[in-house]
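Okay, thanks for coming, everyone. Let me put the structure up, and then I'll walk you through how two of the chains meet.

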Amino acid sequence: MYLDMHSHSVSSDDSRATVEQYVKWIQVLRKRGHQVDGIVLTEHRKFDFDKDYSALADQYNVLIIKGSELDTRYGHFLVYGVSQGLTRAIDFADTRMDARALMQAARQHDAIALPAHPGRFGIGLTDYIAQGETFEDVEIVERFNGGSRQGENERADELCESHNLLGIGGSDAHLTSHIGTCMTNFKAGIKNANDLVDALLSKEFQPVWLEDTLDGSSQA
Amino acid sequence: MPYYDEIELGDEIGPVEKVATDDDVVNFCDIWGAPKPNRFTDADTAAKSGMKGTIVPGIMTMAMMAQLLTDWGGPGSLKDLDLVFRQPVPHNRPLTMAATITDLREEDGQNLVECDILMTGTEGERYIGGKAIVALEGR
Amino acid sequence: MAMELEYDRSLYGVEHQAGPFEITDEIIDRANSSIGESGPAFSSDDGAKEAGYRGRIAPPTLCCILVRQVALPDVKVQFGKTQMHAGQRVEPKAPVYAGDQLTASSHLKDVYTKTGRSGTMVFVVWETTFSNQDGQVVAEVQESFARRE
C-alpha cells in the first residue's frame with residue numbers, strides 16, 4: 001500500500017492546506033489513475049493528540065495517521081508512533097535537541113524517529129555527517145522528499161548508497177495539490193501508527209514517485 | 001469570467017510568465033518610499049543580506065499573484081491571498097505564476113474557489129507558494 | 001529545554017494605530033504600472049462603473065503596500081542580524097476606492113522559533129486591520145518576518 005509519509009496541515013505554521021482538502025485532492029489523484037492509500041500528518045514541532053480525523057478518513061477512504069516532524073540540532077526528524085510517554089520524555093518544541101537522544105527515546109517508547117530530507121542543503125544529515133558527526137541508530141532516511149530543491153534528493157540517494165540505508169518517500173506537502181507527490185510502498189497492510197512502526201521495522205518498503213503508482217505500473 | 005458551475009477540482013489558472021525589471025521594482029518601491037539604500041534596488045545592500053543580487057519585494061510579487069487571479073475571476077473576486085516567500089525572487093528573470101483549483105464550496109451565500117498558487121523559476125526554483133480564495137458568480 | 005526567546009511580550013494585546021492613508025489616483029497608477037496592471041476597474045471611474053462599482057477601485061493588494069508605512073514598535077527579539085519578509089496574507093473585505101482615507105490598527109500575533117536551510121530563525125507575526133473613512137473594514141493583512149543569524 002502507498003502512504004505519503006510526510007505532510008503538513010494548517011496545524012503547522014507554514015502549511016496552508018486542511019486535512020479535508022488533502023483527502024479531497026486524493027480523490028482527484030485517484031480519478032487520474034493514481035494509487036494513494038493514506039497520508040501521515042507530520043506537523044512541525046508538535047503532536048496533535050486532540051485532533052481526530054477518523055470521520056474524514058472513513059468518508060474519503062483514506063488512511064490518516066498522525067506523526068510529527070521535529071527540529072533537532074542535526075536537522076529535521078520524522079517521528080512515527082508518537083505516544084504520551086514520548087512527549088513526556090522529549091520536548092517536541094526544542095529546536096536544539098540531540099537527534100541521537102530523540103532516536104533512542106523513540107525506540108524506548110515503541111516509536112521510530114528518522115531523518116527527513118537528509119540531502120537538504122544546510123540542514124540535511126549529509127552535511128552533519130560531512131562535519132564528522134556519526135549516527136549509529138540511523139537505518140532509514142527519507143530518500144524521496146517532495147519539497148527538495150535540485151540536487152537534494154540526489155544527495156539523499158548517495159547517502160543511502162554509501163551508508164547502506166533504507167529509504168522512504170514523503171511529499172512534505174504544505175499545499176493541497178502537493179500531497180502524494182512521493183510516497184512509500186509498504187508490503188504490509190497498515191491500519192494505524194503502531195502498524196506503521198512495525199512495517200518500518202520489517203524493512204519491507206520502498207520509496208516511490210506518484211507517477212510510479214499509475215494503473216498498470218509494477219507494484220512491490 | 002468563468003462561472004462557478006463550470007469549475008472542477010484540478011483545473012488550472014495560468015500559467016502566466018512575467019519579468020520584474022529593475023525599473024519596475026524602483027517604481028514599486030517609490031509607492032511607499034522604501035528607505036534607501038535597500039536590498040530591492042541596491043546590489044551592495046542586497047549582498048550584505050546574503051543575496052546574490054537585488055530582489056523583488058514580497059509585496060510586489062503578491063501584487064503579481066493577485067493579478068493572475070483578478071484577471072481570471074474579476075476585479076473584486078479575490079477574498080484571500082496567503083503566501084509564503086520561500087526563496088528570494090530575482091529581477092529581470094522569467095517568473096511563472098500558476099494556480100491549481102483544490103476546493104469548491106458554498107459559504108455565506110458565496111461560491112468560493114480555493115486554489116494553490118505558485119511562483120516558480122526556469123531552473124525549478126519555487127520562489128513562492130500559497131493559497132488563494134476567489135469568489136465566482138454561479139450561472 | 002527549548003531555547004527561551006527574549007522579546008518584548010508586553011506588546012501582546014496592544015493595538016497600534018496608524019494613518020490616515022489617502023488612496024490617491026497616483027498611488028493606484030504607480031501600483032498598476034509597476035506590474036503591468038491594466039484592468040478597467042483599477043484604471044478609471046468609467047471602467048469601474050462598467051464592472052458595477054461606484055468609482056475607480058484599488059487593486060486588492062494595495063493595503064499590503066500601505067502596511068509598509070505603518071511604524072510598528074520594535075519587538076526587541078534578542079536573536080539574529082538579518083530580517084527577511086517570510087510571508088504575507090491579505091483578506092480583502094470591501095472595495096477600496098480612489099479618494100478613500102484608510103486607517104490601520106495593528107497588533108503582534110506571534111513570535112516563535114524554527115530551523116531551515118538557513119539555520120535557526122525567529123518568526124515575528126503582525127496582524128493589521130484597515131478601515132475606511134466610514135469605519136468599514138476593507139482588508140485584514142497578516143505579515144510574518146523571519147530573523148536569522
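Quick definition before anything else: two strands pair if DSSP finds at least two bridges between them. Strands here are DSSP E runs of at least two residues, helices are H or I runs of at least four, and both are numbered from the N terminus. Keep in mind that this is a predicted model, where local features need pLDDT of at least 70, side-chain atom pairs count only at pLDDT 80 or more, and totals for chains, interfaces and linings use all residues. Residues count from 1 along each chain as its sequence is written, with chains lettered from A and ligands numbered from 1 in the order written.

Where do the chains join up? Strand 2 of chain B and strand 2 (residues 82–92) of chain C pair antiparallel over four bridges. There, Leu83(B) sits opposite Gln88(C).

Now the contact itself (C-beta atoms, placed from the backbone, within 7 Å). Chain B puts in 27 residues and chain C 29. On the chain B side, helix 3 gives the most, with nine residues.

Technical notes. Contact = placed C-beta atoms within 7 Å.
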